[in-house]
Amino acid sequence: MSFHCQSLILCYQIDTKFLMLPIRMIVQLLLVGYILIYLFHEKNIYLGTLILIFMMLVSSWISLRNSQDKSLAQFYKIAFTISVSSFLHLILIINFILDLDTFYEPKYVIPIAGMILANSMNVLSIAIERFDKEISRNETFEIARNSAFKSALIPQINSLLAVGLVSLPGMMTGQILSGVDPLIAVRYQIMVMSTILSSAGISMIIYFILKERSIK
């Protein structure tokens with residue numbers, strides 16, 4: 001009887017947690033929608049910079065949640081890794097691919113930055129969690145790093161293999177539905193997929209270089 005009650009309580013807690021997630025998602029998207037309307041209208045580069053820093057800090061904090069090391073030094077490693085990798089790719093896209101008239105065009109910069117930051121966050125979260133598990137099994141740094149690297153890249157590799165065959169990516173689908181020429185949508189999607197894979201690899205390379213130095 002006691003075990004049955006505990007199971008019911010646990011199931012109730014899980015159901016409540018998953019019920020709150022879509023509600024939180026809806027609230028967050030509505031808020032960001034109103035914020036983006038304001039940012040796109042004002043085009044204030046200082047405000048935009050603050051938004052990008054905030055996004056970087058939040059993505060770093062989320063990645064830290066998957067680490068056994070919750071220290072401030074670990075947070076700095078993650079924040080440095082995400083910021084360098086993400087903003088490097090953002091600058092390359094703005095200057096050499098989109099070729100915008102001005103460097104800060106919020107309707108391009110903020111969504112693309114969010115995409116890159118989210119990708120770096122997800123990759124690092126998987127890599128850090130896998131690395132910590134391998135280290136807890138008394139594996140060497142090199143073996144743990146290689147295992148984490150391979151595991152974290154599985155979603156990106158699967159996406160590259162499946163794109164156009166199994167599914168149409170979200171950005172490409174959205175552009176086609178809005179009336180953009182499919183070939184133009186394809187070119188933008190190639191940019192997105194290449195950026196996702198590149199930022200994933202560079203993020204992990206930077207993180208594990210910093211991690212190895214801190215251990216030694």
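**Figure 1. Leu160 touches Met193 and Leu197, leaving aside its neighbours within four places in sequence.** Here, contact means heavy atoms within 4.5 Å. What you are looking at is a predicted model, in which local features need pLDDT of at least 70 and side-chain atom pairs count only at pLDDT 80 or more, while totals for chains, interfaces and linings use all residues. Residues are numbered from 1 along each chain as its sequence is written, and side-chain values use heavy atoms, with hydrogens and water left out. Leu160 sits in helix H5. Helices are DSSP runs of H or I with at least four residues, strands are runs of E with at least two, and both are numbered from the N terminus. With 36% relative accessibility, Leu160 counts as partly exposed. For this label, buried means under 20% relative accessible area, exposed means over 50%, and partly exposed lies in between (1.4 Å probe, protein chains only). Follow the chain from Leu160 to Leu197 and you pass along 37 residues in sequence, yet their C-alpha atoms are 8.8 Å apart in space.

**Figure 2. The whole chain has 7 helices and 0 strands.** Before the next close-ups, take a step back. Reading along the sequence gives the pattern α-α-α-α-α-α-α. Of the 216 residues in the protein chain, 33% are buried. Among contacts with a separation of 6 or more, 68% link residues 24 or more positions apart.

**Figure 3. Helix H3 (residues 72–98) packs against helix H4 (residues 106–136).** Two packed helices are described by the angle between their axes and the distance between the axes. For this pair the angle is about 140° and the axes are 9 Å apart. That angle makes H3 oblique to H4. H3 passes H4 in a right-handed crossing. Residues of H3 in the contact include Ile78, Ser86, Ile93 and Leu98, and among those of H4 are Tyr108, Ile112, Leu124 and Ile128. Sorted by class, the contact of H3 with H4 has 15 nonpolar, 6 polar and no charged residues. Axes are lines fitted to C-alpha atoms, for helices over the stretch in contact, and angles run from 0 to 180 degrees between N-to-C directions. Angles under 35 degrees count as roughly parallel, over 145 as roughly antiparallel, 65 to 115 as roughly perpendicular, and the rest as oblique. A crossing is right-handed if the near helix is turned clockwise from the far one by less than a right angle, and left-handed if anticlockwise. Ala, Val, Leu, Ile, Met, Phe, Trp, Tyr, Cys and Pro count as nonpolar, Asp, Glu, Lys and Arg as charged, and the others, Gly among them, as polar.

**Figure 4. H3 also packs against H7, at an angle of about 150° with the axes 9 Å apart.** The two helices are therefore roughly antiparallel to each other. Their crossing is right-handed. On the H3 side, the contact includes Lys77, Phe80, Val84 and Ile97, and on the H7 side Tyr188, Met191, Ile206 and Lys211 are among the residues that take part. Together the residues of this contact divide into 12 nonpolar, 9 polar and 2 charged.

**Figure 5. Ser86 is found in helix H3.** Is this serine buried or exposed? With a relative accessible area of 3%, Ser86 is buried. Setting aside neighbours within four places in sequence, Ser86 is in contact with Ile116, Leu117 and Ser120. The C-alpha atoms of Ser86 and Ile196 are separated by 9.8 Å, although these residues lie 110 residues apart along the chain.

**Figure 6. The largest nonpolar core has 21 residues.** A nonpolar core is a set of buried Ala, Val, Leu, Ile, Met, Phe, Trp, Tyr and Cys residues joined through side-chain atoms within 4.5 Å. Ile78, Met204 and Phe208 have the most contacts inside this largest core. Helix H2 (45–64), H3, H4, helix H5 (141–162) and helix H7 (182–215) each supply at least two of its residues. H4 gives the most, with 6 residues. Apart from this core lies another, of 14 residues, among them Leu39, Ile93, Tyr104 and Ile112.

**Figure 7. Glu134 lies in helix H4, and Asn138 lies in the loop between H4 and H5.** Glu134 counts as buried, at 6% relative accessibility. Beyond its neighbours within four places in sequence, Glu134 is in contact with Glu139, Ala144 and Ser147. Asn138, by contrast, is exposed, with a relative accessible area of 73%. Asn138 has a positive phi of about 70° although it is not a glycine.
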